[in-house]
Amino acid sequence: MSEGGIPSLEGWIAALTRPAALAELAALVASGVLAWAFCLGISRASGPPDKTSILFGRRIVDGALFPLLWLPLAYLAQALLARWVPMAVFKIAIPVLMALVVIRVGVKVLQVAFGNTRLIRVLERTISWVAWLAMVLWVSGLLPLILDELDRVTWTIGGSSMSIRTLIEGILTAGAVLIIALWISSAIEARLLRAATGGALSLRKAVSNATRAFLMFVGLLVALSAVGIDLTALSVLGGAIGVGVGFGLQKLASNYVSGFVILAERSMRIGDNVRVDNFEGVITQINARYTVIRSLGGRESIVPNELLIITRVENLSLSDSRVWLSTLVSVSYDSDVELVMGLLQKAASSQNRVLNDPAPSVTLINFGADGLELKVGYWISDPENGSDGLKSLINLEILRSLREHHIEIPFPQRVVHTAPLEKLPVMPL
């Protein structure tokens with residue numbers, strides 16, 4: 001006999017075909033429409049839509065807030081109708097809504113916290129199957145019977161007795177606690193990182209990472225306690241972990257500590273243009289263990305945070321984003337040096353990315369073997385956009401100007417000495 005007094009499948013069908021079932025169905029649909037209206041109003045009041053939102057999802061109805069509101073409204077409608085009509089539709093609808101809440105919350109939180117990876121997709125399918133299976137067993141009335149049978153299979157671990165039912169309930173409780181901890185940490189992270197840039201972004205990222213680690217740790221302790229594990233027994237495990245960190249995991253621990261140091265002191269920030277180990281690019285991520293640097297060519301370098309602490313790092317935009325660039329030009333000795341210097345400075349100033357303050361400079365740096373060597377120097381404020389293209393444009397303008405004024409760019413000159421023919425040795429035939 002299933003819960004609610006309906007004895008069999010025929011009883012379910014008879015109850016669902018009664019006219020009172022139409023009233024239940026209408027109340028269920030009305031509560032669903034009301035929940036959707038509440039979600040729509042809250043979404044519009046909260047600002048621009050976010051497709052990655054846990055509560056609202058992409059289309060309001062695929063978020064977690066819709067079933068979370070529909071479930072209590074359905075309970076309220078059931079309580080009101082139970083005075084006049086027998087319940088049949090709500091006996092199925094309430095467990096379905098409960099399963100939908102579990103699936104939506106679990107899946108959305110995992111997607112936001114860890115992204116759409118293969119492992120997360122497997123966990124999402126697992127949550128869905130477990131939730132729908134529990135719903136079917138509850139509606140059919142088999143769930144209490146199965147739990148009673150599982151409660152009879154017991155064993156003793158140390159001084160405590162456990163059963164399969166206790167183990168399953170502990171695992172489910174642990175999963176729920178960890179999902180709630182991840183949800184809270186994701187909400188805090190989204191709140192902290194909203195509209196943050198530069199140094200504020202790095203500092204808030206550090207606070208976000210620390211908060212997530214703390215909540216996950218607390219959630220793990222609560223989950224272990226729910227399973228039935230005595231937390232006092234973890235003192236020995238904590239000592240072993242400390243020894244492992246001190247010896248085998250010192251590099252890993254060093255990277256994590258270095259990551260928090262970098263985020264706290266803000267010597268390197270997200271968006272900075274840096275050069276590390278002959279690799280230059282923009283910092284796109286600063287994680288607890290590593291930092292991601294993306295070059296202008298699209299390559300990404302994953303740099304352990306310890307390397308950023310113990311080695312020399314060139315930060316091209318730490319206190320000033322301006323970068324000085326230069327190019328070398330050789331002209332013949334009979335050229336008008338004043339004219340050449342003016343042409344070179346004009347060619348550098350013709351590009352929009354070149355700053356006017358400080359203005360480009362031209363210097364005669366060397367009397368070379370083949371001609372006069374001059375250096376054109378100029379400043380730019382956007383090194384993240386690259387320098388090769390700008391150098392090419394300036395060089396092309398220099399070449400055009402020199403050719404227009406018939407200024408010679410000398411070729412390398414070499415003197416070859418040849419001995420007279422009569423002094424050459426005669427080789428015997």
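The questions and answers below walk through a predicted model of one protein chain. Because this is a prediction, local features need pLDDT of at least 70 and side-chain atom pairs count only at pLDDT 80 or more, whereas totals for chains, interfaces and linings use all residues. Residues are numbered from 1 along each chain as its sequence is written, and side-chain values use heavy atoms, with hydrogens and water left out.

User: How many helices and strands are there in the chain?
Analyst: Helices (H or I, at least four residues) and strands (E, at least two) are taken as DSSP runs, numbered from the N terminus. Counted in this way, the chain has 13 helices and ten strands.

User: What share of the residues in the chain is buried?
Analyst: A residue is called buried under 20% relative accessible area, exposed over 50%, and partly exposed in between, with a 1.4 Å probe and protein chains only. Among the 429 residues in the chain, the buried share is 35%.

User: How is the aromatic pair of Phe66 and Trp70 classed?
Analyst: Rings of Phe, Tyr and Trp (its six-membered ring) pair if their centres lie within 6.5 Å, and planes under 30 degrees apart count as stacked, over 60 as edge-to-face and the rest as tilted. A search of the whole structure finds one such pair. Since the ring centres of Phe66 and Trp70 are 5.3 Å apart and the planes stand at 45°, the pair is tilted.

User: Which element gives the largest share of the lining of the largest pocket?
Analyst: A pocket is an open set of points on a 1 Å grid over the protein atoms alone, where a 1.4 Å probe fits, with protein on both sides within 12 Å along at least five of seven lines, and lining residues have an atom within 4 Å of a point. The largest pocket has a volume of about 1,300 Å³, and of its 39 lining residues the closest to its centre are Val102, Val130, Ala131, Ala134 and Leu172. Two or more lining residues come from each of α4 (89-114), α5 (118-140), α6 (143-152) and α7 (164-193). The largest share, 13 residues, comes from α7.

User: Is Asn278, which has a positive phi, buried or exposed?
Analyst: Most residues other than glycine have a negative phi. Asn278, which is not a glycine, has a positive phi of about 65° and lies in the loop between β3 (273-276) and β4 (279-286). Because its relative accessibility is 76%, Asn278 counts as exposed.

User: In which loop is Pro358 found?
Analyst: The peptide bond that runs from Asp357 to Pro358 is cis, with omega near 0°. Pro358 itself is found in the loop between α12 (337-349) and β9 (361-367).

User: Which residues is Glu306 in contact with, leaving aside its neighbours within four places in sequence?
Analyst: Glu306 lies in helix α11 (residues 305-310), and with a relative accessible area of 16% it is buried. Contact means heavy atoms within 4.5 Å. With those sequence neighbours left aside, Glu306 is in contact with Lys251, Ser254, Asn255 and Ser258.

Note on methods. Grid points are joined across faces, edges and corners, and a volume is the space filled by probe spheres set on the points.
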